[in-house]
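Please walk me through this structure, taking the sheets, the helix packing and the contact between the chains in turn. I would like the criteria behind each term to be stated where the term is used.

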Amino acid sequence: MKKKFKMVDLDCANCAAKMEEAIKKIDGVGDATVSFMTQKLTIEAEESRFEEIMKEVVAVCKKVEPDCVIQM
Amino acid sequence: MTKKQKTMLYRIILAAIVYIPLFVMDHKEMLEFDTQVPVRFLLFMIPYVIIGWDIIYRAIRNISHGQVFDENFLMCIATFGAIGVKQYSESVAVMLFYQVGELFQSYAVSRSRQSISDMMDICPEYANIEQDGQLVQVDPDEINIGDIIVIKAGERIPLDGVVISGSSFIDTSALTGESVPREVGEGSDIISGCVNGSGLLKVRVTKEFEDSTVAKILELVENASSKKAKVENFITKFAKYYTPIVVCAAALLAVIPPLLIGEPFSKWVARACIFLVISCPCALVISVPLGFFGGIGAASRQGVLVKGSNYLEVMSEMKTIVFDKTGTLTKGEFTVSKLYPNGVGEKELLEIAALAEGYSAHPVAGALKAAYKKELEMERVTDTQEIPGHGIKATVDGATVYAGNAKLMEKEGIWFEENHDIGTVVYLAKEDLYLGSIVISDTVKPEAKNAIKELKENGVTKTVMLTGDRKAVGEAVAKELGIDQVYTDLLPGDKVDKVEALLEEVKGKGRLGFVGDGINDAPVLTRADIGIAMGSMGSDAAIEAADIVLMDDDTTKISHTMRIARMTLQIVKQNIVFALAVKVLVLLLGAIGMANMWEAVFADVGVSVIAILNAMRTLRAK
């Protein structure tokens, strides 16, 4: 399943790249992009575990840039 | 400016007000007091805390999350190092300029983001629907196919549909870049995203919102940033290694020379701090994607959708371009191009031909009827008989009329004058008397010739045309347009083979683009290095398969896009070279003690700001 989320307060381009890399490593994530320009996260992940995966996504993003919030 | 940016601005101003007098007094050595209390240190700590508290806070927080090489942390180490060697003034200045640079950077990025989203501001907010005789505004999402919506003057068209009453001029510039408004009336198809000019339109909706043109375009543009160019991927990789390498170099620089040559640690720690300030690859990480984003934005303002920055990269290297003929270089519709009457008037020739073909569904009949323009008096035709492979035999006004090819004339034994014009020729005879011939052909688009010329001026070395048409027709069109190479009599499947052969031929010598209207073209569009589709005439499948979509089917836009692509790539490369050169230079000078903190701050935020400003130029590319 492919879904898009808005990222609020994504202030640093390097962090966006770091987040993208960290999200891609999560188990069950097919592909992910964090666009600094559009301030959006596009994620493709297993549908059955999507909620669970998103929880992990939020956690890794918090780790990289605590100020940034993913709008669900 | 956002609230966050404003707060930052006030903090910068406040810190500067405190810092400047201290800086001046320090220079005049007025801060050297003979006391036990470190007055100078304490005084400088006031502006340092005002400007830098959040950086220290974030550095601590991020370290606890395991983010070691984070820029906040590096800034802290660099400034702490400067404080450690008693360069108080420098440490405040570094913090201050770092924050100024960050603010400017964030402002520049949000500005360019804004200008791109303004340009893409084509999303309709509501649709008017009539309910119990009153107009109600509803979400375009809630409208179903077949619903009737009302579009008032000046409103954005929310959904694709057909006009059922009213007439107006609509402004399609947001989608196609075309500034001349398009006239619409009853029966016209209209597409969402355009703005209704002066009249009130009632429209029957033909597509649901998520399938409508506007929703599709927005989706394409939003996804564009996920397809990254090679340069972008290189920068991401580079950034991953750059910071750790510079930080390690800084650590070595602080420790090894003092141990080896016995110089004081303070001198080398100061130099190591310079390294830390330059260790963020931000200038590159921001300016490269921003440049591509701007280039895609500039193309979309011209009515060209580019589905990813990688396609801009390929576009800038395009050397060979292959066109599909029908629908791309020609209009793809048959029209009467010439009349050769023999003993009758032109009007009469056309009238009889149109009547004879009146009941036929063949494209030729359509062209004749369209050329005749007036309503046909079909009661004058009493009998029509189609002779396969030859034409039509009909009874018009009681007389037998033959309309068809040369074979038909020969079969009926009628004398006729052979016509060698390019296109489909219809010969017409009444009883045994030859009336003349009519040439029906596909017309070349008016802009096609110019499009080819401009492509050649922009570095395309080979132009090729593929067509399923006969040799004579294809070659005539190619000659008229100045196309180098033409392949005719192709079946749809042959086009893929031809493109593959051409790809093999140009391998390593530049890229190959294919332009088609999408009817049977989807496999070829995918196969080519870059597939360019016609947006308004093309099928949905083609738009999906293509990498670049020309919203108004104007082939001259291809060369414009090439120019935008080349300018974008050039700016991106300038930024990479400039940023790396300055950073490396300052690193080297810093290592040998010829650069100080000020140069380091410039190499970090100064370079970022310059690179961002340069990247923003792509937005204005033409």
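The model is a predicted one, in which local features need pLDDT of at least 70 and side-chain atom pairs count only at pLDDT 80 or more, while totals for chains, interfaces and linings use all residues. Residues are numbered from 1 along each chain as its sequence is written, and chains are lettered from A, with ligands numbered from 1, in the order in which they are written.

Helices (H or I, at least four residues) and strands (E, at least two) are DSSP runs, numbered from the N terminus, and two strands pair if DSSP finds at least two bridges between them. With these criteria, six strands of chain B form an open sheet with antiparallel pairing, in the order 2-1-3-9-4-7. Strand 2 (134-138) and strand 7 (189-190) of chain B are its edge strands, each pairing on one side only. Strand 1 (residues 127-131) of chain B is joined to strand 2 of chain B by five bridges, the two running antiparallel, and Glu130(B) stands opposite Leu135(B) of strand 2 of chain B. The hairpin of strand 1 and strand 2 of chain B has two residues between the strands, and Asp132(B) takes a positive phi near 50° in this hairpin. Strand 1 of chain B also pairs with strand 3 (residues 148-151) of chain B, in the antiparallel sense over two bridges, and here Asn128(B) has Val150(B) of strand 3 of chain B as its bridge partner. Further along the order, four bridges link strand 4 (residues 161-165) of chain B to strand 9 (residues 201-205) of chain B, again in the antiparallel sense, with Val203(B) of strand 9 of chain B as the bridge partner of Val163(B).

Another open sheet of chain B has seven strands in the order 10-22-21-20-11-18-19, and its pairing is mixed. Strand 10 (304-306) and strand 19 (485-487) of chain B stand at the edges with a single partner strand each, so one side of each is left without a neighbour in the sheet. From one strand to the next the twist averages 20°, where angles run from 0 to 180 degrees between N-to-C directions and axes are lines fitted to C-alpha atoms, for helices over the stretch in contact. Strand 18 (residues 462-466) of chain B runs parallel to strand 19 of chain B and is joined to strand 19 by three bridges, with Leu466(B) opposite Tyr487(B) of strand 19 of chain B. Helix 16 (residues 492-506) of chain B lies across strand 11 (318-324), strand 18, strand 19 and strand 20 (511-516) of chain B, and runs at about 170° to strand 11 of chain B.

Elsewhere in chain B, helix 3 (residues 71-84) and helix 8 (residues 265-277) have axes that come within 9 Å and cross at roughly 160°. That makes helix 3 of chain B roughly antiparallel to helix 8 of chain B (angles under 35 degrees count as roughly parallel, over 145 as roughly antiparallel, 65 to 115 as roughly perpendicular and the rest as oblique). By class, the contact of helix 3 with helix 8 of chain B has ten nonpolar, two polar and no charged residues (Ala, Val, Leu, Ile, Met, Phe, Trp, Tyr, Cys and Pro count as nonpolar, Asp, Glu, Lys and Arg as charged, and the others, Gly among them, as polar).

In chain A, helix 1 (residues 13-25) and helix 2 (residues 50-64) pack at an angle of about 145°, with their axes 9 Å apart. The contact of helix 1 with helix 2 of chain A has eight nonpolar, no polar and one charged residues.

Between the chains, 18 residues of chain B are in contact with 14 residues of chain A, contact meaning that the C-beta atoms of two residues, placed from the backbone, lie within 7 Å. The largest share of the side of chain B that touches chain A, six residues, comes from helix 9 of chain B.

Finally, Asp9(A), in the loop between strand 1 (2-8) and helix 1 of chain A, has a positive phi of about 60° although it is not a glycine.
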